[in-house]
Structure formats: C-alpha cells, structure tokens
Amino acid sequence: MVTRFKCGGIVLGMSMNHAMFDGVGAMEFMMNFSSIARGKGLITHPLPDRTCFKPRDIPEIKYEHLEGLKFSDIPQEMRNSFTTADVANSEISNISLPPEYSYKVFPFSGEMVEKLKKKTMEDGTLKKCSSFDAIAALVWQARTKAVDMPPDVPSKMLFAVDIRSKMDPPLPKGFAGNAVFSSYCIEPAGAVKENPLSFCVEKVQEGVARVTNDYVRSSMDFTDTYKAIPALPGGIFLSAWWKIPFQLVDFGFGKPIYAGPIVNAMVEFVLLLSNGKQDGGLNIYIALQNHQLDKFEQLIYDI
C-alpha cells in the first residue's frame, strides 16, 4: 500500500508471510521491485525451488531439538500467529500489544557496540566476539534481569540463523524462500543474571555453532514427524535485521528515511534494526511492561 503525504513524503507498506520469504528474500524482492519501478530489470533472479528443505522419507532425528515443541504439547492459550496456522489464517489479526506492554527503540551507536564487545572480552574467557554475539547476549541477560525472572526458571532466547551457506550443498544465489533456522540459548535465569556477560556470549556462540547441515536436516525430520513449532512460549525470539540493507531500496524517490516494522503485536519478538547510518550501530526494538522498560534501559546502557 502506498500513502502520499501533502509534504511530498511517501510511505510504502508491505505485508508478507514468513513462509514465503525471510529477511534476505524480502530484501531481494524489494530490490527487484524497486529496480523494475525505476525502469530497470531484475537485480537478482529469484529461485523459488524449496525441495532442498524436504524432510527425509525415513526420518533421522539425531539430536535433542530444544528449538522446537511438539504441536500437541502446546496449550491453546499459548498459541499465536508466529507458531500456529489457524491463528495466522484468521480473518481478523490482532496488531496491538496487551495494554500493559509497550514497544521501545533503544539506539546503539557503532562506538557503543565496539565498547560492548571489548567488555565481553575483559575476563579472558572468550577468544572472539562478534557484534551479534555481544548484542544478543546483552539483550538476553538484560531482559532476564528486567523481568525479574526467578533463578530456577529457564531463561530462553531463540534467534534466527541464515542457513544459506551452512547447507550441503549451499543454497543457490537468489534462493527465494525462508532460509532462517531458529537456534537457541536456554539456561537457568539465575545463571544468566549472575554470570558475567561473557557467559551469555559463549552460549550464543554455542547456539550459532550448533547450526550445521546435519543438525538442520535432523530438525526438519523432527518438525515433520511431530508437527513441531518454534519453542517460543516462555521465551523471546531475536531477529537481526540491521545488516539487511532495506535502507538502500529506491523506487525512484530516493532512499528511505526509515525501513522497518510499524506495528507488532508479539511481545516475544525482538528486532535488531538498522540505524540508517551504516556506522556499525543499530537499534534494539523490544516490548516489555512499562516499568520493565526503564530497568532494561538502565541495564543495556551500563557499559
């Protein structure tokens, strides 16, 4: 949907089903769309063949898949449009948060990200730390503290991993589909809160390393066999959009001032968004109860 304002501004609204595209696929679609709108051809030729993700005829479930829950084990009241088809397909979709929750954007400059990465390395536990490792660990630990999670309760964070290069063979350039896999960190809340940030970074790195071709294929078989859905209830899902260059999409009116979500009814969904400056910084987009947002803000900026 296109909205034109009297000032000359233009807003392009887009809605998609995540089964059709992941972030990279959506970006490539928008780049192609905008290129055609400017009178040019396709930038990337889309390849929508998803047979590479077909489960095996004889399932080989080799691992414990804590990133998924058997559909039969999910209580009806804990199902939502992120995990459950009958909710996602309903005629009326709820796009507002519960009244006690609010979304807020917390900016992190490139300088702050580098400072955070250095902080995670101070105790000598880690050999390396990427920007994603540091920010994901910070969000996980700070949220666990902000909601005052009891120490013996599992603190769970799922996060998206692009598997295009992790599959054997790798997915072809232009793959048009959903090629993100949900990896996870699950630890007792007490351990997440009381240990140094390097502990959380290490768990994030373990989650990334877990995602191999063999593990993904085992998870496909697990999902098909048990009709499993992402193990979101009781946790959060972190998705990193800040390196997906939506801010470069140009329909002939210039590059956008903002490219990202407008509304989101899912309190479990946390986004890392581009700050539009290409300086290594990002914005953390998270929903919490109002009093928890203040505590979360204090925690993430205490670096």
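**Contacts of Phe108**

Contact here means that heavy atoms lie within 4.5 Å of each other. By that criterion, and leaving aside neighbours within four places in sequence, Phe108 is in contact with Val113, Leu116, Ile135, Leu138, Asn275, Gly281, Leu282, Asn283, Ile284, Ile300, Tyr301 and Ile303. The model in which these contacts are found is predicted.

**Nonpolar cores**

The largest nonpolar core contains 62 residues. Phe108, Ile135, Met157 and Ile284 are those with the most contacts inside this core. Helix H4, residues 131-146, supplies its largest share, namely ten residues. Another core, of six residues, lies apart from the largest one; Phe21, Met27, Ile244 and Phe246 are among its members. As a general matter, nonpolar side chains in soluble globular proteins tend to be buried together.

**The six-stranded sheet**

Six strands form an open sheet in the order E4-E10-E9-E8-E5-E6, and their pairing is mixed. Strand E4 (101-108) and strand E6 (180-188) stand at the edges; each has a single partner strand, so one side of each is left without a neighbour in the sheet. From one strand to the next, the twist averages 25 degrees.

Strand E5, residues 154-162, runs antiparallel to E6 and is joined to that strand by nine bridges. Within this part of the sheet, Leu158 stands opposite Tyr184 in E6. Helix H3, residues 110-121, packs on the sheet, where the helix touches E4 and strand E10 (282-289). The direction of H3 makes about 90 degrees with that of E4.

**Ala134 in helix H4**

Ala134 lies in helix H4. Its relative accessibility is 0%, and Ala134 therefore counts as buried, the cut-off being under 20% relative accessible area. Not counting residues up to four places away in sequence, Ala134 touches Leu116, Lys117, Thr120, Cys129 and Val201. Ala134 and Met121 are separated by 13 residues in sequence, and their C-alpha atoms are 9.9 Å apart in space.

**Ser34 in helix H1**

Ser34 is placed in helix H1, which covers residues 23-37. With a relative accessible area of 1%, Ser34 is buried. Apart from its neighbours within four places in sequence, Ser34 is in contact with Val249, Asp250 and Phe251.

Technical notes:
Residues are numbered from 1 along each chain as its sequence is written. This is a predicted model: local features need pLDDT of at least 70, side-chain atom pairs count only at pLDDT 80 or more; totals for chains, interfaces and linings use all residues. Side-chain values use heavy atoms; hydrogens and water are left out. Helices (H or I, at least four residues) and strands (E, at least two) are DSSP runs, numbered from the N terminus. Buried means under 20% relative accessible area, exposed over 50%, partly exposed in between (1.4 Å probe, protein chains only). A nonpolar core is a set of buried Ala, Val, Leu, Ile, Met, Phe, Trp, Tyr and Cys residues joined through side-chain atoms within 4.5 Å. Two strands pair if DSSP finds at least two bridges between them. Axes are lines fitted to C-alpha atoms, for helices over the stretch in contact, and angles run from 0 to 180 degrees between N-to-C directions.
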